[in-house]
Amino acid sequence: MGGGSAVVRVLRDRTAGRCLAGVVVSGFGTSAMWLTAGIWVKSLTGSNSLAALMVFAMWAPVLAGPALGALADRMDRKVLLVRGNVVMACLLVPLVLVDSGRTVWLLFAVLVLHGASGVVLDAAESALVAGTVPASLLADFNGLRMTANEGMKLVAPLAGAGLYVRFGGPAVALLAAATCALAALVFAKLPVRETPGTANPARDSAPGLESAPAPAGSWRDELAAGLRRIRSSAALRPLVAAGAATMFLAGVNGAVTFAYVDEVLGRAPAYAGVLYAVQGAGSVAVGLLVGPLLRRLPERVFAAGGIALFALGVGARTVSSDAVALVASAAIGFGLPCVLVAAMTAVQRETPDGVLGRTAATAGSLMTAPNAVALALGAGLVAVADVRVLTASAGAAGVLAAAALAAGARRRRGAPASPRP
């Protein structure tokens with residue numbers, strides 16, 4: 001089956017197509033809000049720290065992924081997608097009251113809740129898609145989802161900033177609320193109604209997965225079910241670990257971006273926006289190619305190739321050249337998502353339905369948290385170390401991570417075949 005025909009099949013699938021539409025609509029509002037929140041707080045308080053805290057507020061709930069993902073295993077996922085977006089829309093409306101430094105706390109509280117809702121909805125969507133989209137098309141769907149997300153990150157922040165300049169922060173909050181409400185309508189039209197923990201005909205090719213029940217026992221046991229699933233799976237463990245390592249290096253790279261623009265390229269800080277746009281374009285492009293590539297390459301080989309390309313792009317930031325800078329940014333944008341898409345596709349394929357929500361959320365947390373740690377670490381290192389040393393070190397570490405993952409793939413191909421769990 002060709003890549004183009006697979007994409008057409010995904011878009012023609014009513015569930016997959018409408019899930020993608022919901023992602024695009026809600027992602028537009030979220031991306032616009034992500035940038036505007038920092039600008040809004042900076043203008044009201046004059047504090048760079050509080051502005052940075054707003055970005056952290058939307059990210060922080062990812063750390064509670066296992067607990068939040070459990071909701072997607074206990075509720076009808078379609079209903080959860082609809083009600084979750086309605087709740088987010090309602091939460092955003094009160095932000096019209098934020099008009100001074102004294103009311104900034106309301107923005108912080110809403111963004112934390114918005115981030116938590118996003119973790120739950122991502123887990124619910126991942127589980128619902130895995131149960132309704134044919135397994136052979138999961139990689140294509142995840143690639144298109146990546147393209148949609150990255151495309152929104154290119155367009156929405158500019159639209160949000162323009163709206164903020166013209167009408168102020170409340171207008172952006174209302175825009176985000178409207179997109180959540182529209183996403184709820186889109187998800188309400190999904191032609192499915194499933195009950196978590198039931199048989200999953202879309203994954204019948206993996207015997208035993210569809211009948212696995214949700215774990216019973218203490219709440220600690222239930223919350224740890226996703227982590228146990230990842231640790232016990234020979235397919236998931238190396239991919240999630242590689243994703244975590246790569247995201248750590250991506251955090252270091254992100255932390256040194258402005259120093260790289262200033263000290264290596266000799267450009268104004270605004271040039272970082274050009275590099276981010278090129279990087280986003282690379283991520284949009286790879287999203288269209290993920291499905292065909294994953295049908296031709298083992299997941300670990302595909303992920304290792306992406307990590308290597310990402311690492312070479314980071315390492316190339318030791319060179320003082322605008323042309324190299326643009327090519328390196330495109331390579332980073334193209335390579336970085338490969339391991340993430342490969343890991344999440346494997347989670348959808350390898351995980352029993354009863355624990356799929358919390359396993360997807362746990363994998364997301366494990367791969368995302370190192371990025372924040374590295375951002376903080378990199379911010380400190382860039383003050384005491386030459387940026388070229390940092391980018392060269394991160395690039396070398398990425399090449400080693402890619403080699404380790406590829407070596408594991410070769411050992412697995414050489415081992416006796418065994419049935420999937």
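## Helix H11

Helix H11 covers residues 236-255, 20 residues in total, and spans 28 Å from its first C-alpha to its last, close to the 28 Å expected at 1.5 Å a residue. Helices here are DSSP runs of H or I with at least four residues, strands are runs of E with at least two, and both are numbered from the N terminus. The expected span is 1.5 Å times one less than the number of residues in the helix. Of the 20 residues in H11, 15 are buried, so the helix is mostly covered (buried means under 20% relative accessible area, exposed over 50%, and partly exposed in between, with a 1.4 Å probe and protein chains only).

## The model

This is a predicted model, in which local features need pLDDT of at least 70 and side-chain atom pairs count only at pLDDT 80 or more, while totals for chains, interfaces and linings use all residues. Residues are numbered from 1 along each chain as its sequence is written, and side-chain values use heavy atoms, with hydrogens and water left out.

The protein has 17 helices and zero strands. It has 421 residues, of which 52% count as buried. Contact means heavy atoms within 4.5 Å. Among contacts between residues at least 6 apart in sequence, 83% join residues at least 24 apart.

Thr246 is found in H11. Is Thr246 buried or exposed? Its relative accessibility is 1%, so Thr246 counts as buried. Leaving out residues up to four places away in sequence, Thr246 touches Ile307, Phe310, Leu336 and Val339.

Val339 lies in helix H15, residues 322-350. Val339 counts as buried because its relative accessibility is 0%. With residues up to four places away again not counted, Val339 touches Leu239, Ala242, Gly243, Thr246, Ala303 and Ile307. Val339 and Ala303 are 36 residues apart along the chain, and their C-alpha atoms are separated by 4.3 Å.

Two packed helices are described by the angle between their axes and the distance between the axes. Axes are lines fitted to C-alpha atoms, for helices over the stretch in contact, and the angles run from 0 to 180 degrees between N-to-C directions. Angles under 35 degrees count as roughly parallel, over 145 as roughly antiparallel, 65 to 115 as roughly perpendicular, and the rest as oblique.

The axes of helix H10 (residues 225-232) and H11 come within 6 Å and cross at roughly 105°. H10 and H11 are therefore roughly perpendicular to each other. Arg229, Ile230, Arg231 and Ser232 in H10 meet Leu236, Arg237 and Val240 in H11. These residues divide into three nonpolar, one polar and three charged (Ala, Val, Leu, Ile, Met, Phe, Trp, Tyr, Cys and Pro count as nonpolar, Asp, Glu, Lys and Arg as charged, and the others, Gly among them, as polar).

## H5 against H8

How do helix H5 (residues 77-92) and helix H8 (residues 169-188) cross, and at what angle? Their axes come within 8 Å and cross at roughly 165°. That makes H5 roughly antiparallel to H8. H5 passes H8 in a left-handed crossing. A crossing is left-handed if the near helix is turned anticlockwise from the far one by less than a right angle, and right-handed if clockwise.

On the H5 side, the contact residues include Lys78, Leu81, Val82 and Asn85. On the H8 side, they include Ala173, Ala176, Ala177 and Cys180. The residues of the contact of H5 with H8 divide into 15 nonpolar, one polar and one charged.

## H6 against H16

Helix H6 (residues 104-132) and helix H16 (residues 356-381) have axes that come within 8 Å and cross at roughly 125°. H6 and H16 are therefore oblique to each other, and H6 passes H16 in a right-handed crossing. Ala123, Ser126, Ala127 and Ala130 of H6 make the contact with Leu356, Gly357, Ala360 and Ala361 of H16. This contact of H6 with H16 holds six nonpolar residues, two polar and no charged.

Val112 is also found in H6. With a relative accessible area of 28%, Val112 is partly exposed. Val112 touches Ala57 and Pro61, not counting residues up to four places away in sequence. The C-alpha atoms of Val112 and Ala57 are separated by 4.9 Å, although the two residues are 55 residues apart along the chain.
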